[in-house]
Structure formats: C-alpha cells, structure tokens
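Got your viewer open and your selection tool ready? Let's walk through some side-chain contacts, one stop at a time.

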Amino acid sequence: MLDATGKKYSPLIPQDMTDELFWKDGLTPDDERLWVPNGPGRWSRPLCLNVSQGYWVHITKVTKAGVVSRHRHPAPVHGFVIEGKWRYLERDWVATAGSYLYEPPGDVHTLVVDEGDTMKTLFHNTGALLYCDENGKTIGSTDVFDRVKAARNHFEEVGLGTDFVKQFIR
C-alpha cells in the first residue's frame, strides 16, 4: 500500500491485535452456500462472529411471508435494511430499504414479513437473542456460539468444510 506521496505505507500494528475482517462483496457474488438456513424461507449470512466479545454481525434474508420470530435482546441491536421490507407487530412503522434501527435492550418485538414481501437486513446482535411466547416469557435462545456451530455444520454440509467458518470468527 502506498501513501499519498508514493512511499510504502506501513502502519504500526499492535502485537496482539486480531486480524481485521473485510468483505468487498458482502452480498455479491451471491453464493447461496454462504447463507445459513434459520428456518423455512429464512437465512443468515455471517459477516463477523465475535466470540471474544459475544456479538455477531450478519445479514438476515427472508423470502417467505409470516412471523419470523418474537424475541428480545439483553443488549442493543442495530439493523440496516438492504432491500425489501418488514415490520414489528408492536410498532406502527415499516422498515424499508435504507432504514436504520436501534433496538434498546429488553424490548420484546415480533418481526413479520408480509405477504408478497421479502427482505435482506444487516443486523449487529450483541449478547443473546431470547425467543419469547405471546406473554414475553423466554422459551429459547441463540447466541454467537450457536451461530458459529450452525454455520460450521452448514458449511460442511454444502461442501465448503468446517474450517470455512473460521474466517468469520474473531
């Protein structure tokens, strides 16, 4: 890498720094093998699975209308809609391409994709995702370690190998 004057640029890198992640084409080429199934008509495309800090960044893709899940988070979540649209039953807004969302810890919400709609949304989840029943009682959960395991198993199944997941782990 060259600096503005044409000289080789060599930044100071701390000895114990982890490797950076850079995905030039996070969505394209759209290799279907990179999408980890999450249920009927639902997939997750891992971008960063940070086991040292307990978060994961991924793109959720939904192609089938219906309730995706009712859940809450004990830590903040950020979302950015890449394409399509979706909503929460508990809100009066609809998330469309270009929308940004900050979800505060503790909020229970039910993600829905309406008939005729699809979506791709980048989410940055910190901590666990706690699945809830209609009364808000926790009935299940997932975290970054579950996401790593699911990705590892999926990548093995589609011929990419179990080690393929390592490139996403920090």
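Start by selecting R33, which is partly exposed with a relative accessible area of 36% (buried means under 20%, exposed over 50%, partly exposed in between, using a 1.4 Å probe and protein chains only). Before you go further: this is a predicted model, where local features need pLDDT of at least 70 and side-chain atom pairs count only at pLDDT 80 or more, while totals for chains, interfaces and linings use all residues. Residues are numbered from 1 along each chain as its sequence is written, and side-chain values use heavy atoms, with hydrogens and water left out.

The structure holds five salt bridges, so let's look at some others by the same definition.

**Stop two: K61**

Select K61 and E32: their closest N and O atoms are 3.1 Å apart, another salt bridge. K61 sits in strand β3 (residues 55-62) and E32 in the segment before β1, 29 residues apart (strands are DSSP runs of E, at least two residues; helices are runs of H or I, at least four; both are numbered from the N terminus). Buried or exposed, what is K61? Buried, at 9% relative accessibility, whereas E32 is partly exposed at 46%.

Keep K61 and show W43: K61 lies over the ring face, at 5.1 Å from the ring centre (the test is NZ of Lys or CZ of Arg within 6 Å of the centre and within 35 degrees of the ring normal).

**Stop three: W23**

R45 lies over the face of W23, at 5.9 Å from the ring centre. Rings of Phe, Tyr and Trp (its six-membered ring) pair if their centres lie within 6.5 Å, with planes under 30 degrees apart counting as stacked, over 60 as edge-to-face and the rest as tilted. The count comes to eight aromatic pairs. One of them, W23 with F168, is tilted, at 5.2 Å centre to centre and 40° between the planes. W23 lies in the segment before β1 (36-39) and F168 in the segment after α1 (144-157), so the pair ties together parts 145 residues apart in sequence. W23 is partly exposed at 29%, while F168 is buried at 1%.

Conventions:
Salt bridge = Lys/Arg side-chain N within 4 Å of Asp/Glu carboxyl O.
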